[in-house]
Amino acid sequence: MTPAEQSRRAAEICRLAPVVPVLVIDDLAQARALATALVAGGLPALEVTLRTAAALDAIRVMAEVPGGRVGAGTLLTPADVKAAKAAGATFGVSPGATDRILDACAEYDLPLLPGAATASEIMVLLEKGYTVQKFFPAEQSGGAAFLKSIGSPIPQVSFCPTGGISLKNARDYLALPNILCVGGSWVAPKEAMARGDWAEVTRLAAEAAALR
Ligand code: 3PG
(Lines give C-alpha, C1' and ligand atoms only; values in the text may rest on other atoms or scores of the structure.)
Protein backbone atom coordinates (compact mmCIF):
# COMPACT_ATOMS: atom_id res chain seq x y z
CA MET A 1 0.00 0.00 0.00
CA THR A 2 1.46 3.38 -0.97
CA PRO A 3 2.06 6.08 1.65
CA ALA A 4 -0.65 8.21 -0.01
CA GLU A 5 -3.17 5.39 0.31
CA GLN A 6 -2.07 4.75 3.88
CA SER A 7 -2.63 8.40 4.73
CA ARG A 8 -6.03 8.41 3.00
CA ARG A 9 -7.15 5.47 5.11
CA ALA A 10 -5.58 6.86 8.28
CA ALA A 11 -7.51 10.09 7.72
CA GLU A 12 -10.77 8.15 7.41
CA ILE A 13 -10.09 6.48 10.75
CA CYS A 14 -9.07 9.75 12.41
CA ARG A 15 -12.28 11.41 11.26
CA LEU A 16 -14.52 8.82 12.95
CA ALA A 17 -14.39 10.68 16.28
CA PRO A 18 -12.44 13.51 17.92
CA VAL A 19 -10.53 11.14 20.19
CA VAL A 20 -8.69 7.85 19.62
CA PRO A 21 -8.29 6.02 22.95
CA VAL A 22 -4.70 4.90 23.52
CA LEU A 23 -5.00 1.62 25.41
CA VAL A 24 -2.53 -0.33 27.52
CA ILE A 25 -4.15 -3.70 28.18
CA ASP A 26 -2.63 -5.92 30.85
CA ASP A 27 -5.57 -8.24 31.32
CA LEU A 28 -6.93 -9.92 28.20
CA ALA A 29 -10.18 -10.65 30.04
CA GLN A 30 -10.93 -6.90 29.96
CA ALA A 31 -10.45 -6.43 26.22
CA ARG A 32 -13.95 -7.13 24.96
CA ALA A 33 -15.73 -5.13 27.67
CA LEU A 34 -13.32 -2.23 27.23
CA ALA A 35 -13.83 -2.03 23.47
CA THR A 36 -17.59 -2.39 23.85
CA ALA A 37 -17.69 0.41 26.44
CA LEU A 38 -15.63 2.79 24.30
CA VAL A 39 -17.61 2.11 21.13
CA ALA A 40 -20.87 2.55 23.07
CA GLY A 41 -19.64 5.97 24.20
CA GLY A 42 -19.01 7.04 20.62
CA LEU A 43 -15.29 6.30 20.12
CA PRO A 44 -14.98 3.58 17.46
CA ALA A 45 -11.28 3.89 16.56
CA LEU A 46 -9.15 2.20 19.23
CA GLU A 47 -5.36 2.06 19.49
CA VAL A 48 -4.04 -0.93 21.41
CA THR A 49 -0.40 -0.33 22.30
CA LEU A 50 1.97 -3.26 21.81
CA ARG A 51 3.46 -2.73 25.26
CA THR A 52 1.99 -5.67 27.10
CA ALA A 53 2.01 -9.41 26.62
CA ALA A 54 -1.76 -9.35 26.15
CA ALA A 55 -1.80 -6.70 23.41
CA LEU A 56 -1.95 -8.88 20.28
CA ASP A 57 -4.60 -11.18 21.71
CA ALA A 58 -6.51 -8.10 22.86
CA ILE A 59 -6.49 -6.83 19.27
CA ARG A 60 -7.88 -10.20 18.12
CA VAL A 61 -10.72 -9.99 20.63
CA MET A 62 -11.48 -6.31 20.12
CA ALA A 63 -11.51 -6.62 16.33
CA GLU A 64 -14.70 -8.66 16.73
CA VAL A 65 -16.58 -5.97 18.63
CA PRO A 66 -19.25 -4.54 16.32
CA GLY A 67 -18.63 -0.96 15.27
CA GLY A 68 -15.01 -0.87 16.41
CA ARG A 69 -11.91 -0.13 14.30
CA VAL A 70 -8.93 -1.55 16.11
CA GLY A 71 -5.37 -0.49 15.44
CA ALA A 72 -1.99 -1.33 16.91
CA GLY A 73 0.17 1.31 18.55
CA THR A 74 3.81 1.42 19.62
CA LEU A 75 4.94 -0.26 16.40
CA LEU A 76 8.72 -0.32 16.67
CA THR A 77 9.88 -3.13 14.35
CA PRO A 78 8.80 -4.84 11.11
CA ALA A 79 7.93 -7.88 13.25
CA ASP A 80 5.47 -5.69 15.21
CA VAL A 81 3.82 -4.64 11.95
CA LYS A 82 3.51 -8.21 10.73
CA ALA A 83 2.09 -9.41 14.05
CA ALA A 84 -0.34 -6.49 14.31
CA LYS A 85 -1.69 -7.17 10.85
CA ALA A 86 -2.02 -10.89 11.57
CA ALA A 87 -3.95 -10.09 14.77
CA GLY A 88 -6.49 -8.06 12.81
CA ALA A 89 -5.30 -4.49 13.28
CA THR A 90 -6.76 -2.20 10.62
CA PHE A 91 -4.30 0.61 11.22
CA GLY A 92 -0.95 1.14 12.86
CA VAL A 93 0.64 3.91 14.92
CA SER A 94 4.34 4.41 15.59
CA PRO A 95 5.95 6.90 17.99
CA GLY A 96 8.45 7.90 15.30
CA ALA A 97 9.27 6.68 11.81
CA THR A 98 12.06 4.55 10.41
CA ASP A 99 12.49 3.26 6.87
CA ARG A 100 12.10 -0.30 8.14
CA ILE A 101 8.73 0.47 9.74
CA LEU A 102 7.53 2.39 6.69
CA ASP A 103 8.60 -0.43 4.35
CA ALA A 104 6.89 -3.04 6.52
CA CYS A 105 3.59 -1.13 6.50
CA ALA A 106 3.78 -0.91 2.71
CA GLU A 107 4.56 -4.63 2.48
CA TYR A 108 1.84 -5.79 4.91
CA ASP A 109 -0.80 -3.28 3.72
CA LEU A 110 -1.23 -1.63 7.10
CA PRO A 111 -2.26 2.05 7.01
CA LEU A 112 0.23 3.82 9.27
CA LEU A 113 0.09 6.99 11.31
CA PRO A 114 3.84 7.61 11.52
CA GLY A 115 5.14 9.73 14.37
CA ALA A 116 6.97 13.03 13.96
CA ALA A 117 7.91 15.79 16.37
CA THR A 118 9.97 18.33 14.40
CA ALA A 119 9.63 20.28 11.16
CA SER A 120 12.31 18.13 9.52
CA GLU A 121 10.70 14.86 10.59
CA ILE A 122 7.36 16.08 9.26
CA MET A 123 9.00 17.12 5.98
CA VAL A 124 10.80 13.79 5.51
CA LEU A 125 7.49 11.94 5.92
CA LEU A 126 5.74 14.39 3.60
CA GLU A 127 8.39 13.80 0.93
CA LYS A 128 7.57 10.09 1.12
CA GLY A 129 3.84 10.80 0.74
CA TYR A 130 2.58 10.70 4.33
CA THR A 131 0.17 13.61 4.66
CA VAL A 132 -1.39 12.32 7.89
CA GLN A 133 0.99 11.96 10.82
CA LYS A 134 1.03 11.45 14.55
CA PHE A 135 2.54 14.34 16.52
CA PHE A 136 4.30 12.78 19.51
CA PRO A 137 4.92 13.44 22.32
CA ALA A 138 2.50 16.30 21.78
CA GLU A 139 2.54 18.34 24.97
CA GLN A 140 6.24 17.84 25.53
CA SER A 141 7.08 18.83 21.91
CA GLY A 142 5.31 22.17 21.89
CA GLY A 143 1.66 21.20 22.03
CA ALA A 144 -1.10 22.98 20.16
CA ALA A 145 1.07 26.09 19.74
CA PHE A 146 3.62 24.07 17.75
CA LEU A 147 0.93 22.57 15.53
CA LYS A 148 -0.61 25.99 14.91
CA SER A 149 2.81 27.32 13.86
CA ILE A 150 3.69 24.36 11.63
CA GLY A 151 0.33 24.73 9.87
CA SER A 152 1.55 27.96 8.27
CA PRO A 153 4.49 26.61 6.24
CA ILE A 154 3.20 23.01 5.98
CA PRO A 155 -0.62 23.16 5.79
CA GLN A 156 -0.80 19.99 3.67
CA VAL A 157 0.02 17.72 6.63
CA SER A 158 -2.72 16.84 9.12
CA PHE A 159 -2.06 15.41 12.55
CA CYS A 160 -3.28 13.19 15.32
CA PRO A 161 -1.37 14.51 18.36
CA THR A 162 -0.90 12.22 21.35
CA GLY A 163 1.01 12.43 24.61
CA GLY A 164 -0.20 14.49 27.55
CA ILE A 165 -3.61 15.24 26.07
CA SER A 166 -6.72 15.15 28.24
CA LEU A 167 -10.18 16.65 28.42
CA LYS A 168 -8.56 19.86 29.70
CA ASN A 169 -6.44 20.64 26.62
CA ALA A 170 -8.00 18.53 23.82
CA ARG A 171 -10.09 21.46 22.59
CA ASP A 172 -6.96 23.57 22.00
CA TYR A 173 -5.82 20.94 19.48
CA LEU A 174 -9.20 20.16 17.94
CA ALA A 175 -9.78 23.85 17.15
CA LEU A 176 -6.84 23.84 14.71
CA PRO A 177 -7.46 23.23 10.98
CA ASN A 178 -4.57 20.73 10.69
CA ILE A 179 -5.83 18.41 13.45
CA LEU A 180 -8.01 15.44 12.52
CA CYS A 181 -8.33 14.00 16.04
CA VAL A 182 -6.32 13.59 19.22
CA GLY A 183 -5.16 10.42 20.95
CA GLY A 184 -5.11 9.84 24.67
CA SER A 185 -5.31 7.32 27.45
CA TRP A 186 -7.53 9.36 29.77
CA VAL A 187 -10.75 7.74 28.53
CA ALA A 188 -9.66 4.34 29.88
CA PRO A 189 -8.28 4.96 33.38
CA LYS A 190 -6.49 2.04 34.99
CA GLU A 191 -8.57 2.36 38.17
CA ALA A 192 -11.90 2.14 36.35
CA MET A 193 -10.66 -0.81 34.32
CA ALA A 194 -9.38 -2.61 37.41
CA ARG A 195 -12.78 -2.44 39.06
CA GLY A 196 -14.59 -3.30 35.83
CA ASP A 197 -16.43 0.01 35.82
CA TRP A 198 -17.36 -0.03 32.15
CA ALA A 199 -20.14 2.50 32.67
CA GLU A 200 -17.48 4.99 33.74
CA VAL A 201 -15.44 4.23 30.60
CA THR A 202 -18.53 4.78 28.45
CA ARG A 203 -19.22 8.06 30.28
CA LEU A 204 -15.66 9.26 29.64
CA ALA A 205 -15.87 8.16 26.01
CA ALA A 206 -19.14 10.02 25.50
CA GLU A 207 -17.64 13.14 27.07
CA ALA A 208 -14.67 12.85 24.69
CA ALA A 209 -16.88 12.13 21.68
CA ALA A 210 -18.76 15.38 22.38
CA LEU A 211 -15.58 17.46 22.21
CA ARG A 212 -16.35 18.36 18.62
C1 3PG B 1 1.22 7.03 24.51
O2 3PG B 1 1.92 6.63 23.62
O3 3PG B 1 1.29 6.62 25.67
C4 3PG B 1 0.18 7.99 24.12
O5 3PG B 1 0.75 9.08 23.51
C6 3PG B 1 -0.76 8.37 25.19
O7 3PG B 1 -0.24 9.32 26.00
P8 3PG B 1 -1.08 9.76 27.27
O9 3PG B 1 -1.07 8.61 28.24
O10 3PG B 1 -0.33 10.96 27.77
O11 3PG B 1 -2.47 10.10 26.81
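Predicted model: local features only at pLDDT ≥ 70, side-chain atom pairs only at ≥ 80, totals over all residues.
Leaving aside residues up to four places away in sequence, V182 touches P18, V19, V20, C160, P161, I165, A170, Y173 and L174.

## The sheet

Six strands form an open sheet with parallel pairing, in the order β5-β4-β3-β2-β1-β9. Its edge strands, β5 (112-113) and β9 (182-184), each pair on one side only.

Within this order, strand β2 (residues 45-49) pairs with strand β3 (residues 69-73) in the parallel sense over 5 bridges. Opposite E47 stands G71 in β3.

## Helix α3

Helix α3 spans residues 55-62, and its buried residues are A55, A58, I59, V61 and M62. Seen down the axis of α3, these buried residues fall within an arc of 165 degrees, so they line one face of the helix.

The elements that cover the buried residues of α3 include the strands β1 (19-23), β2 and β3, together with the helices α2 (31-40) and α4 (78-87).

## Aromatic pairs

The structure holds 2 aromatic pairs. The ring centres of F135 and F146 are 4.8 Å apart and the planes are at 10 degrees, so this pair is stacked. F135 belongs to strand β7 (residues 132-135) and F146 to helix α7 (residues 143-150), so the pair ties together parts that are 11 residues apart in sequence.

For F135 and F159, the ring centres are 6.3 Å apart and the planes are at 70 degrees, so the pair is edge-to-face. This pair links distant parts of the chain, with F135 in strand β7 and F159 in strand β8, 24 residues apart. Through these ring pairs F135, F146 and F159 are linked into a cluster. F135 counts as buried at 0% relative accessibility, and F159 is buried with a relative accessible area of 1%.

## The loop residue T162

T162 lies in the loop between β8 (158-161) and α8 (170-174).

The side chains of T162 and K134 are joined by a polar contact of 3.2 Å. Not counting residues up to four places away in sequence, T162 touches K134, F135, F136, P137, A138 and G183.

Technical notes
Residues numbered from 1 in each chain as written. Heavy atoms only, no water. Pairing = 2+ DSSP bridges. Helix = DSSP H or I, 4+ residues; strand = E, 2+ residues; numbered from the N terminus. Buried < 20%, exposed > 50% of the residue type's maximum accessible area, 1.4 Å probe, protein only. Arc of directions from axis to C-beta. Contact = heavy atoms within 4.5 Å. Polar contact = N/O pair within 3.5 Å; in protein donor to acceptor, adjacent residues only side chain to side chain. Phe/Tyr/Trp six-rings, centres within 6.5 Å; stacked < 30°, edge-to-face > 60°.
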